[in-house]
Amino acid sequence: MAHPSDMAPALIALKAKATIAGSEGERALPLEAFFLGPNSLGETALKPDEFLVAIEVPDQHDTHQIFLKQRIRHAADFALSSAAVAARMSDGICEDIRVVLGGIAPLPVVADTAEGTVKGRRLDERLISEAAEASLQEARPLPMNGYKVDLTKALVRRALTSIQQGSG
């Protein structure tokens with residue numbers, strides 16, 4: 001099952017950190033490291049004697065943010081796919097960006113390739129399309145969910161277009 005949280009991709013895009021407490025004290029880790037993949041015994045990085053104490057989100061005063069979700073019903077429902085984007089823009093140039101996808105894998109997916117495509121460049125229609133394609137270039141859909149590839153690319157394209165329009 002794909003990770004069902006809407007909050008996790010959004011918080012990862014905002015570079016949130018988790019504070020974990022246990023018998024050995026507290027530790028912090030980036031939220032993207034908190035969720036473990038399908039080859040692990042647990043779903044999170046929590047050890048048996050630990051619990052999540054806090055989530056800290058760094059100051060976002062100069063960051064453009066958007067979260068888009070596609071679902072079957074318009075009521076509260078698990079995402080078929082989602083995209084969370086947080087970008088720091090200056091004169092149309094993307095200085096820093098996080099693109100995180102949800103609903104498509106056992107954990108939130110940081111789209112590093114899409115981020116690298118956009119970072120340091122001026123957002124335009126061509127670059128946005130390149131980034132959307134790059135966001136899923138390593139996707140390996142299962143037989144019944146191949147539609148999520150195009151759906152997710154469309155969400156990334158819409159999110160980046162919104163960032164572009166909001167920063168201008």
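Analyst: Leaving aside residues up to four places away in sequence, Q70 touches A79, L80, S81, L151 and L155; contact here means heavy atoms within 4.5 Å. The model is predicted, so local features need pLDDT of at least 70 and side-chain atom pairs pLDDT 80 or more, whereas totals for chains, interfaces and linings use all residues. Residues are numbered from 1 along each chain as its sequence is written, and side-chain values use heavy atoms, with hydrogens and water left out.

User: In which strand does Q70 lie, and what makes it partly exposed?

Analyst: Q70 belongs to strand β4, residues 64-70. Strands are DSSP runs of E with at least two residues, helices are runs of H or I with at least four, and both are numbered from the N terminus. The relative accessible area of Q70 is 30%. Buried means under 20%, exposed over 50%, and partly exposed in between, with a 1.4 Å probe and protein chains only; Q70 is therefore partly exposed. The C-alpha atoms of Q70 and K148 are separated by 9.9 Å, although the two residues are 78 apart along the chain.

User: How do you know which strands are paired in the sheet, and in what order do they stand?

Analyst: Two strands pair if DSSP finds at least two bridges between them. The open sheet has 4 strands in the order β4-β5-β6-β7, with antiparallel pairing. Within it, H64 stands opposite A87 in β5, and A87 stands opposite I97 in β6. The hairpin of β5 and β6 has 2 residues between the strands, and D91 there takes a positive phi near 50°.

User: Why are β4 and β7 said to stand at the edges?

Analyst: Each of β4 and β7 (109-110) has a single partner strand, so one side of each is left without a neighbour in the sheet. As for β5, 8 of its 10 residues are buried, and the strand is mostly covered.

User: What makes a set of residues a nonpolar core, and which residues have the most contacts inside the largest one?

Analyst: The term denotes buried Ala, Val, Leu, Ile, Met, Phe, Trp, Tyr and Cys residues joined through side-chain atoms within 4.5 Å. The largest such core has 25 residues, and V85, I97 and L160 have the most contacts inside it. At least two residues each come from β4, β5 (81-90), β6 (93-102), α3 (112-118), α4 (125-134) and α5 (147-167). Helix α5 gives the most, with 6 residues. Another core, of 17 residues, lies apart from it and includes L14, L29, L31 and F35.

User: Why is the pair of F34 and F35 called edge-to-face?

Analyst: Rings of Phe, Tyr and Trp (its six-membered ring) pair if their centres lie within 6.5 Å; planes under 30 degrees apart count as stacked, over 60 as edge-to-face and the rest as tilted. The ring centres of F34 and F35 are 5.2 Å apart and the planes stand at 90°, so the pair is edge-to-face. The count by this rule is 1 aromatic pair. F34, with a relative accessible area of 6%, is buried, as is F35 with 13%.

User: How do you know that K15 and D96 meet in a salt bridge?

Analyst: The criterion is a side-chain nitrogen of Lys or Arg within 4 Å of a carboxyl oxygen of Asp or Glu. The N to O distance between K15 and D96 is 2.5 Å, and the two side chains meet in a salt bridge. K15 is in the loop between α1 (7-13) and β1 (17-22), D96 is in strand β6, and they are 81 residues apart. K15 counts as partly exposed at 39% relative accessibility, whereas D96, at 15%, is buried.

User: What makes K119 a salt-bridge partner of D96?

Analyst: The closest N and O atoms of K119 and D96 are 3.7 Å apart, which lies within the 4 Å limit. K119 lies in the loop between α3 and α4 and D96 in strand β6, so this pair ties together parts 23 residues apart in sequence. A network of salt bridges links K15, D62, R88, E95, D96 and K119.

User: Which helices do R157 and E133 lie in?

Analyst: R157 lies in helix α5 and E133 in helix α4, so the pair ties together parts that are 24 residues apart in sequence. Their side chains meet in a salt bridge at 3.9 Å, N to O. The count of salt bridges comes to 11.
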